[in-house]
Amino acid sequence: MSALAAFVKKEFLHIFRDKRTLLIIFCMPIALVMIFGIVISTEIYDAKIAIVDASSGIRAQQLIEKINASNYFKIVSHLRSSSNLEEIFRSQNIKLAILIPQNFDKDFQNGPPPYIQLIADASDLNVATTLIGNITSIVQAFVEENSPPSASLPPFQITTRMYYNPEQRDVFMFIPGILALVLMIVSAMMTSITLVREKEFGTWRLLSSTPLPSPIIIVGKLIPYFLLSAINSCFILGLATSVFGMPIHGNPFELFLVCLLFILTSLSLGIFISSITHTQQAAILASMVGLFLPTTFLSGFIFPIENMPAWLQPIAQIVPAKWFIEAIKRMMLKGASLQHVLTQIYVLAGMTVLLLTISIRRSRKQAT
Amino acid sequence: MSSPSIQAHNLVKTFGNFTAVKNLNLEVQPGEIFGFLGANGAGKTTAMRMLCGLLKPSSGHATVAGFNVSTQTEHVKKNIGYMSQKFSIYDDLTLKENIQLFSTIYGLTSAQTQERMKQLAIQFELEDKLKNLVSTLPLGWKQKLAFSIAVIHQPRIVFLDEPTSGVDPMTRRQFWEMIADTASTGTTVFVTTHYMDEAEYCDRVSIMVDGQIQVLDTPQKIREQFSAQTMDDVFSLLARQKKTNPKQIL
């Protein structure tokens, strides 16, 4: 097997001598984790808001202080009336206005139940929805704290607990998706490119004229990418736990096994792409359309599959990353063991076998 | 005389309705330089790929180094060297790394590799370039390297697919000297080319037109047969005979 070893060494030399490959393999994972973990965040702090306080009462003052004390909001404008509110939306770029009516204090003491009005800037819909959610919970807490004990309680109360992600950190949602994306790029795109490069430069023909069997050639080319992907997955999981405090409630070794399985699926996707393309450019294009778009948009990484139109949902089922992300989330956040994610494991293994079978059939056909 | 290095009997290759090679018959002796000539698309490369065990013949029979090309491909591949028309050595590896890779693939031990590398470096004047990346070398050097790799394991037959295309005349001359040196050690050289003047360096040549061998003899006899001054004239004559086919341009 010294021929295989020599081949693996050669492949590593290719990787380490190409700056672009190195950049993709080692810098891209860090960049992606940082972008999704820190820059892209749906959690909003210090949102600029305006308060229109028509009551000037003590209760209203207490409420405003409570809002100001939370780190979600920053009051930039304090008004008596809402007459030039629109101007303030435009000039000070506030995201939300809270209107407290004149008889707020009085109603607070002896009904009817007081009301406040929220006016949000819906030109940025996601931000508006998040801010309204935040302010609602602050106001609700305020009402509960300050209701006179004699006041009649509502007929029932809802208590909510967010299991598995109590702080609702969205970086926990992104990490499995980033892991899937990085493994796809390194294992599937890079291997399809390196395999096609041999075809394009004619070295494949030279290699096939040697006694080295072609499965050995392919295995030799894949081993370095398999190892680098394995290292990458440890690295991303390490970043997730150390920098973002994401827990691994399941068995870390089992989690790693699932990563290895997904790497195998990605490698077979890479082999498949190389079997249907003849130039590196075509391989890159096929990877973009066939791998990244589905992995980013159809895997549930960014958009929930449940929200997709009915015709798109079955398509999402054939995206390997969808199953991987599901398994990883369950294992990390819910502490699931391998038995709990058997479906995902079977689907990924099945996809791997299917892709390899098709690729082998295609290459046999080309050889005759 | 010992058994022939290459023997082909009624070798045929069809792709769908298209017959790329029609009833190829030839015999090449050990140590011979055999020129395999023909226009582009005449079927040279297809024939050569069948002889290298890279492509299964549709019908017919051929042996290379005594092994059947359709059933004993493994043995065939161990006994041949191959250099392709497109320059196909790894650009981002050094000469030494390329040589080491292929000698290991051919099963040479590291001691054997060292020794062969030394020999080849002296023979092909590559000594002071061994540690250079292939991409930094001019094409002539690359061709030399590709040839050294094709003969690294001292094969009984070496197949060269248009080894001199795109190379300047001076380097082409040197290249043919390398070929002659190699043949003098008993290695059979099977070479395709479309430079007709190069045919003169060969012991025997065949000219292929439309998948069929039209002429097969020593260059001198072929010229006499067609009463032509050069091989180029012979080729033009052959091309004129087959004017019906638009592919006959050269």
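Visitor: In which loop of chain A is A:Phe303 found?
Guide: This is a predicted model, in which local features need pLDDT of at least 70, side-chain atom pairs count only at pLDDT 80 or more, and totals for chains, interfaces and linings use all residues. Residues are numbered from 1 along each chain as its sequence is written, chains are lettered from A and ligands numbered from 1 in the order in which they are written, and side-chain values use heavy atoms, leaving out hydrogens and water. Helices (H or I, at least four residues) and strands (E, at least two) are DSSP runs numbered from the N terminus. In chain A, A:Phe303 is found in the loop between helix 11 (280–298) and helix 12 (313–317).

Visitor: What is the relative accessible area of A:Phe303?
Guide: Buried means under 20% relative accessible area, exposed over 50%, and partly exposed in between (1.4 Å probe, protein chains only). A:Phe303 is partly exposed because its relative accessible area is 44%.

Visitor: How many residues apart are B:Glu32 and B:Arg204?
Guide: The closest N and O atoms of this salt bridge are 2.5 Å apart. B:Glu32 lies in the loop between strand 2 (18–28) and strand 3 (33–38) of chain B, and B:Arg204 in strand 9 (residues 204–209), so that the pair links distant parts of the chain, with a separation of 172 residues.

Visitor: What is the relative accessible area of B:Lys144?
Guide: The side chains of B:Lys144 and B:Glu125 form a salt bridge (3.9 Å, N to O). B:Lys144 is in helix 5 of chain B. This residue is buried, its relative accessible area being 8%.

Visitor: Which residues have the most contacts inside the largest nonpolar core?
Guide: A nonpolar core is a set of buried Ala, Val, Leu, Ile, Met, Phe, Trp, Tyr and Cys residues joined through side-chain atoms within 4.5 Å. The largest has 89 residues, and those with the most contacts inside it are B:Val64, B:Phe159 and B:Phe190.

Definitions and conventions
Salt bridge = Lys/Arg side-chain N within 4 Å of Asp/Glu carboxyl O.
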